[in-house]
Amino acid sequence: MAMQDVENAGNVKRQLAKLFETSLRLTVPDEQDIEPLVAACAGNFGDYQCNNAMSTWAKIKGKGTQYRGPPAVGQAIMSNLPQSDMIESCSVAGPGFVNVILSSSWIAKSIQSMLVHGIETWAPKLSVSKAVVDFSSPNIAKEMHVGHLRSTIIGDTLANMLEFSNVEVLRRNHVGDWGTQFGMLIEFLFEENPNWDQEEAAAIGDLQAFYKKSKLRFDSDPDFKFRAQKAVVKLQSGEAKYRQAWQQICETSRREFDGVYQRLKVKLEEKGESFYNPYIPQVMEELSHLGLIEESENAKVIHLEGFNIPLIVVKSDGGYNYASTDLTAIWYRLNVEKAEWMVYVTDVGQQQHFDMVFSAARRAGWLPADSSLYPKVSHVGFGLVLGEDGKRFRTRSSEVVRLVDLLDEAKNRSKAALVERGKAAEWTEEELDQTAEAIGYGAVKYADLKNNRLTNYVFNFDQMLSDKGNTAVYLLYAHARIASIIRKSGKDIEELKRTGSLALNHPDERALGLHLLHFAEIVEEACTNLLPNVLCEFLYNVSENFTKFYSNCQVVGSDDETSRLLLCEATAVVMRKCFSLLGITPVYKI
């Protein structure tokens, strides 16, 4: 295998781009800055296509070129392609499109190599080595609701894809654990339970109810409000009693958050607002020294080009705000953690805030003016979760839906469906529980991730737990069916990987094999554009391609049994990796 193939093993698009890059240098030697434009084909002309002819013609036209239009340029690009085992044939269509048909034996060898050496050999190679993914980020003393579900699920998937691509990922939970609301909560804790420091968790009880009562008191009792404001000052100045009460409130919240994270199997490292607080003064001083900060109505602001309002970084009362914390977090992540890419996963409503914070960081010279260069920052916005009435998803009493209740209901519904299908009699209680959990939680995650994150989506248990259409249940069942085919063959699949060989002679075998080979470039696209739905669409299409193959190609007992079992295993391996990246646990029995 050539060196470029080793570097880009599994990534067909990149391997073809290398070949076309060589061809373009020979075709137009005076134009050294032409990047190969290679894409997978959707039509019947070929498997991949190089689309450089028209843009190349536009560059060389009138420069005394030997070519007489884009089709001639396309012909030359095709003729100058180096010999390669991966290409079966090429043709030129229309205004110079070079269509490539891959060698079926090369596709088969590539898949067999992946089976022997592992799916990691198909991991994308990104031009970044360390990233921060800032996601979930609930507020202390408030319930995690369905909006946090989106941030948690999307952020976890982005972190998984980056980690698979050999990027070191700092998974950051930027919890709201600092600010004026803590004066209110601490003062209410002191009043409600004088023995708060001895009773720990019991002193607060239901945190959501505790928050609501303290807020009601704060809004209706001026004396309490005054004491609460003084409590903020005492907390921020580090008075021991107030710090201890604050820590107790934070710990109570963390226990509730952990219930969600454990169900979702999501790992995060908390670095909340309070973590950055000690660094804010020096960061504000640096921005002031750079001449960015100006006084405006007793507040300190940064004026930014393209925005009709300034970014307030110090409030008129001298307090800090989200902007001061977020700017400090960028400074810390760049200078202390040495991150090259910072990804922020929040709802689209925070887009302008982050645009302004990022713009201020560019003005400070912390980030390059060209936002495509590293180190860089990206805001990953997402839409609302809606109820079936088309309004923001809430309970019947207009409360925001608790995330723990939502996840538990998904699992319970999934379990009830399995029991209805007679699985309680066939499986152990542990198998039933684990499968219900995998399907229930997987269904909730996939229903979110399969949509373009910028759009709103309707939360509907019946749809997401359906075993038909583009759902996690359908995909998990498809994977279980493949596992069942391999089990029923009675063959040792590990032995077959070593001794058997894969051939793609039937058109449906080839179509499935070719689609599996798109995996690396799909993960790269989903990573680069921060769009998990791209991976979901690929996974669904894998399942559809497999169904067509299995309908038309007998596996067990056929003359091609070994080859087709290897293709089944390759499909299962790719599906499992997709599930892993999406944070979904595969099932092996249905």
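This is a predicted model: local features need pLDDT of at least 70, side-chain atom pairs count only at pLDDT 80 or more; totals for chains, interfaces and linings use all residues.
Hi everyone. The chain is divided into domain 1 (12-102), domain 2 (130-173 + 272-382), domain 3 (180-248) and domain 4 (403-582).

Four strands make up an open sheet in the order 1-2-4-3, and their pairing is antiparallel. Which strands stand at the edges? Those are strand 1 (38-40) and strand 3 (87-93); each has a single partner strand, so one side of each is left without a neighbour in the sheet. From one strand to the next, the twist averages 25 degrees.

Now look at the pair formed by strand 2, residues 48-50, and strand 4: three bridges join them, and they run antiparallel. Within this pair, Gln-49 stands opposite Asn-99 of strand 4. On the sheet packs helix 4, residues 70-79, which touches strand 3 and strand 4; the direction of helix 4 makes about 170 degrees with that of strand 3.

Let me stay with Asn-99 for a moment. You'll find Asn-99 in strand 4, which covers residues 97-102. Is Asn-99 buried or exposed? Asn-99 counts as buried, because its relative accessibility is 2%, and the cut-off for buried is under 20%. The side chain of Asn-99 also has a polar contact of 2.7 Å with the side chain of Gln-49. If we leave aside neighbours within four places in sequence, the residues in contact with Asn-99 include Cys-41, Phe-45, Tyr-48, Ser-89 and Cys-90.

Back to helix 4, then. Its buried residues are Pro-70, Val-73, Gly-74, Ala-76 and Ile-77. Why do these residues sit on the same side of helix 4? Around the axis they cover an arc of only 165 degrees, and that puts them on the same side. What covers these buried residues includes helix 2 (12-27) and helix 3 (53-60), along with strand 3 and strand 4.

Last stop: the hairpin. Here strand 8, residues 293-296, and strand 9, residues 299-302, pair in the antiparallel sense over four bridges. Glu-294 has Val-301 in strand 9 as its bridge partner. Two residues lie between the strands of this hairpin, and Glu-297 takes a positive phi near 50 degrees.

How values were computed
Residues are numbered from 1 along each chain as its sequence is written. Side-chain values use heavy atoms; hydrogens and water are left out. Buried means under 20% relative accessible area, exposed over 50%, partly exposed in between (1.4 Å probe, protein chains only). A polar contact is a pair of N or O atoms within 3.5 Å; within protein, one must be able to donate a hydrogen and the other to accept it, and residues adjacent in sequence count only if both atoms are side-chain atoms. Contact means heavy atoms within 4.5 Å. Two strands pair if DSSP finds at least two bridges between them. Axes are lines fitted to C-alpha atoms, for helices over the stretch in contact, and angles run from 0 to 180 degrees between N-to-C directions. The arc is that of the directions from the helix axis to the C-beta atoms. Domain bounds come from an automatic or database domain assignment.
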